[in-house]
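Open the model in your viewer and keep the selection panel at hand. The tour has two stops.

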Amino acid sequence: MINVAVNGYGTIGKRVADAVLKQDDMKLVGVAKTKPDFSAKYATGRKIRLYSALPEKAGDFSKAGIDIAGNAADLFKAADVVVDCTPGKDPKVSEAYKNQYKVLGKKGIWEGGEAHELAGFSFNAFWSYDQAKGRQFARVVSCNTTGLCRSLWSVSQVTPIERVDAVMVRRAADPGDSKNGPINAIKPVVKVPSHHGPDVRTVIPNLNINTMAVAVPTTLMHVHCVTAKLKDRGVKADDIISSFEKNPRLVLVDEASGFKSTAEIMEYARDLGRPFGDLYEIAIWRDSVSVVDGSLYFYQAIHQESDVIPDNIDCIRAMFGKVGKEESMKKTNKSLGIK
Ligand code: NAD
């Protein structure tokens, strides 16, 4: 049994914690939170042990009538691995936590908002599962990078890829976030190429990939417009579609079935009845998959709040090295209802 702690209980942290609760080879020892807000009550309602992330704020929890089991340091001691889902916006905070994990001899997993260098190793279940074995630190790449790595894995099973150019149309804010924008503009990431291409190369070092990005006023999903120059010029769109169909972490959607936009995809996700209305799979518009003059084109949609969750679970198993890639991915898929 792997004892897992979650540090930072926001969008990603609460989903990782819930997913850990569903694994038969992991135990959630608790979560660390900065404040006694409604999410703290959600956690205690699920019988999750709460710890104060900031020792000086521990008293706020008792004032709010919420029991805590101690401070974050106590939680880290009880864990074999800490999944660090803190915002990743302040390198000093990230380094301080890394030192804590190091001193205690615990493994640490960070999320995509952190620099690759913090962990020195970036993880995607398809591409780098086997390289995670025995590592103390790893970083599960961001939602966008995870989406690109996943679909490009399926393309790479058909033909080597010579070059990828992709445009990320990014959601402005998560649904539970009231502070980010834009709300009335399209905001390009003016520095070209955007950071997403280099981030994919932290997982797939030899891939020639360049990206651009714009943020748009929506909260539901990101959309990627992907172009890939294929080495094998005989490949047909149907070959790529069959490879996508074989990958359980992708879902093919058709315009004719009503999937006209990200709105219908997220409505479908809610129909699935999963926690938080999540869609772990990357949704690819089947009708968009085309090969023209040796280049592949397709659109894919990313549920940014949840696509990285299966990879977090696989990353935990991969680092402990007791379960192989195929078995772990199957276990994760089954536990999360990914078919
Ligand atoms: P979030 O803001 O929703 O959650 C972060 C949580 O950490 C909050 O609850 C916050 O109170 C808490 N926190 C802040 N400082 C802390 C500290 N010092 N110690 C402990 N907890 C602290 O952020 P998020 O969206 O869950 O992002 C977490 C990580 O996941 C980031 O690296 C982010 O880039 C990455 N990520 C986010 C998304 C997404 O779309 N939301 C997708 C993939 C990866």
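This is a predicted model: local features need pLDDT of at least 70, side-chain atom pairs count only at pLDDT 80 or more; totals for chains, interfaces and linings use all residues.

**Stop one: F137**

Select F137. This residue sits in strand 7, which covers residues 137-140. Is F137 buried or exposed? Its relative accessible area is 8%, and buried means under 20%, so F137 counts as buried.

K107 and F137 are 30 residues apart along the chain. Their C-alpha atoms are separated by 5.7 Å.

**Stop two: the ligand**

Centre the view on the ligand. How many residues surround the ligand? The count is 20, and the closest are T11, I12, Y97, R171 and D174. Colour this shell by class: eight residues are nonpolar, eight are polar and four are charged.

Now show helix 1 (11-21) and helix 5 (91-104). Each of these helices supplies at least two residues of the shell around the ligand.

- T11: a backbone N or O atom lies 3.0 Å from a ligand oxygen.
- I12: a backbone N or O atom lies 2.9 Å from a ligand oxygen.
- G113: a polar backbone atom is 3.0 Å from a ligand oxygen.

Finish with the surface. Taken alone, the ligand exposes 830 Å². The protein buries 80% of that area.

Key
Residues are numbered from 1 along each chain as its sequence is written. Side-chain values use heavy atoms; hydrogens and water are left out. A residue is near a molecule or strand if one of its heavy atoms lies within 4 Å of it. A polar contact is a pair of N or O atoms within 3.5 Å; within protein, one must be able to donate a hydrogen and the other to accept it, and residues adjacent in sequence count only if both atoms are side-chain atoms. Accessible areas come from the Shrake-Rupley method with a 1.4 Å probe; for residues, only the protein chains shown count as cover. Helices (H or I, at least four residues) and strands (E, at least two) are DSSP runs, numbered from the N terminus. Ala, Val, Leu, Ile, Met, Phe, Trp, Tyr, Cys and Pro count as nonpolar, Asp, Glu, Lys and Arg as charged, and the others, Gly among them, as polar. Buried means under 20% relative accessible area, exposed over 50%, partly exposed in between (1.4 Å probe, protein chains only).
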